[in-house]
Amino acid sequence: MTGWEPHAVATAELVDPAPVAALAALFDNGLPAPRPGDDLPPLWHWVALPRWPVSSGLGPDGHPARGTFLPPVDLPRRMFAGGEVSVHRTPKIGETVTRRSIVDSVTEKSGRSGKLVIVVVRTVLSGVDGSPLVEERQDLIYREAGATTSEAAPVEPAVLAGAPFLRTEDGWDFATDPTLLMRFSAATANAHRIHYDWPYATRVEGYPGLVVHGPLMSLALAEVLRLDSPGARVTRLAHRNLAPLFCGQPAHLRTEPRPGGATLTLVGDAGPRTSLEADYHEEGTPHA
């Protein structure tokens with residue numbers, strides 16, 4: 001990484017109503033679509049503040065080419081590993097905010113699956129008066145490609161799933177299909193090819209199928225708070241992606257209430273895929 005140095009990027013941006021409406025249509029869960037002037041739901045700033053890089057600025061995986069804002073890591077697999085979000089004041093749809101991001105650290109390690117690099121990005125959203133609205137840490141992991149052998153069981157859904165949320169006796173089922181992944185990629189300006197390019201995902205990066213976005217899994221868990229606790233005012237969310245979920249695989253969203261919040265987990269056939277620790281209070285109740 002000789003010659004690369006972290007640098008802050010600060011921009012004034014609109015909390016865009018259009019991708020917010022797109023995500024509400026994608027979730028199709030019966031809740032009213034957030035409108036301009038409403039509070040932005042938890043984690044929806046990932047959708048409301050999209051960044052579209054120019055086409056010539058994309059790398060071979062569809063993400064922005066490395067070596068500018070992000071370090072020039074030479075490992076092919078990029079994974080959204082988790083992070084933490086603190087909410088000082090919820091941004092409102094349609095307001096202008098300042099986003100300032102910087103790479104906080106780059107750590108090289110060797111794990112059971114080989115070499116990996118952990119990149120930590122910190123972002124602060126501020127109001128026009130400079131007051132902090134949201135502070136966020138995102139953890140990105142780069143690792144070597146998996147083996148691309150014919151022995152891996154392919155995962156390829158044959159039918160559309162319909163509305164992704166289905167209430168059950170002990171939580172919610174969450175269904176995915178290629179159309180859902182494509183629409184989420186578009187709403188979040190995410191051109192990462194593992195989410196829509198089957199040959200690239202399976203033959204280049206070695207996955208058995210299309211990969212469900214890490215942010216989509218975390219957002220699905222955060223959406224359960226809106227579905228089951230409509231009066232919750234979220235102050236902190238810590239999310240962690242534990243393992244990939246592949247398009248079309250069954251998933252279940254579970255909630256375990258605790259004092260001052262809840263622990264939510266997205267569980268697949270092979271165990272937990274994503275976890276979310278949420279701190280919140282119900283509107284009208286005192287809080288620290």
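**Entry 1: the whole protein.** I'm working from a predicted model. I counted five helices and 11 strands. I then looked up the radius of gyration: a compact globule of 288 residues would come out near 19 Å, and the protein has 19 Å, so the two agree. The C-alpha atoms fill a box of roughly 55 × 50 × 35 Å along the principal axes.

Entry 2: Buried residues make up 47% of the 288. I got about 13900 Å² for the accessible surface, with 54% of that belonging to carbon and sulfur atoms. For contacts with a separation of 6 or more, 70% join residues 24 or more positions apart. On charges, I noted 26 positive and 33 negative side chains, and the centres of the two sets lie 3 Å apart.

**Entry 3: strand β10.** Next I picked β10, residues 261–268. How many of its eight residues are buried? Eight of the eight are. I checked which way they point: Gly 261, Thr 263, Thr 265 and Val 267 go one way, while Ala 262, Leu 264, Leu 266 and Gly 268 go the other.

**Entry 4: its partners.** On one pairing I found β9 (residues 251–258), antiparallel to β10 and joined to it by eight bridges. Here Thr 255 stands opposite Leu 264. Two residues sit between these strands in their hairpin, where Gly 260 takes a positive phi near 80 degrees.

I also looked at β11 (residues 271–282), which pairs with β10 in the antiparallel sense over eight bridges. Pro 272 in β11 is the bridge partner of Val 267. This pair forms a hairpin too, with two residues between β10 and β11.

Conventions. Residues are numbered from 1 along each chain as its sequence is written. Side-chain values use heavy atoms; hydrogens and water are left out. Helices (H or I, at least four residues) and strands (E, at least two) are DSSP runs, numbered from the N terminus. The radius of gyration is taken over C-alpha atoms; the globule rule is 2.2 Å times the number of residues to the power 0.38. Buried means under 20% relative accessible area, exposed over 50%, partly exposed in between (1.4 Å probe, protein chains only). Contact means heavy atoms within 4.5 Å. Accessible areas come from the Shrake-Rupley method with a 1.4 Å probe; for residues, only the protein chains shown count as cover. Lys and Arg count as positive and Asp and Glu as negative; His and the chain ends are not counted. The place of a charge is taken as NZ of Lys, CZ of Arg, CG of Asp or CD of Glu. Two strands pair if DSSP finds at least two bridges between them.
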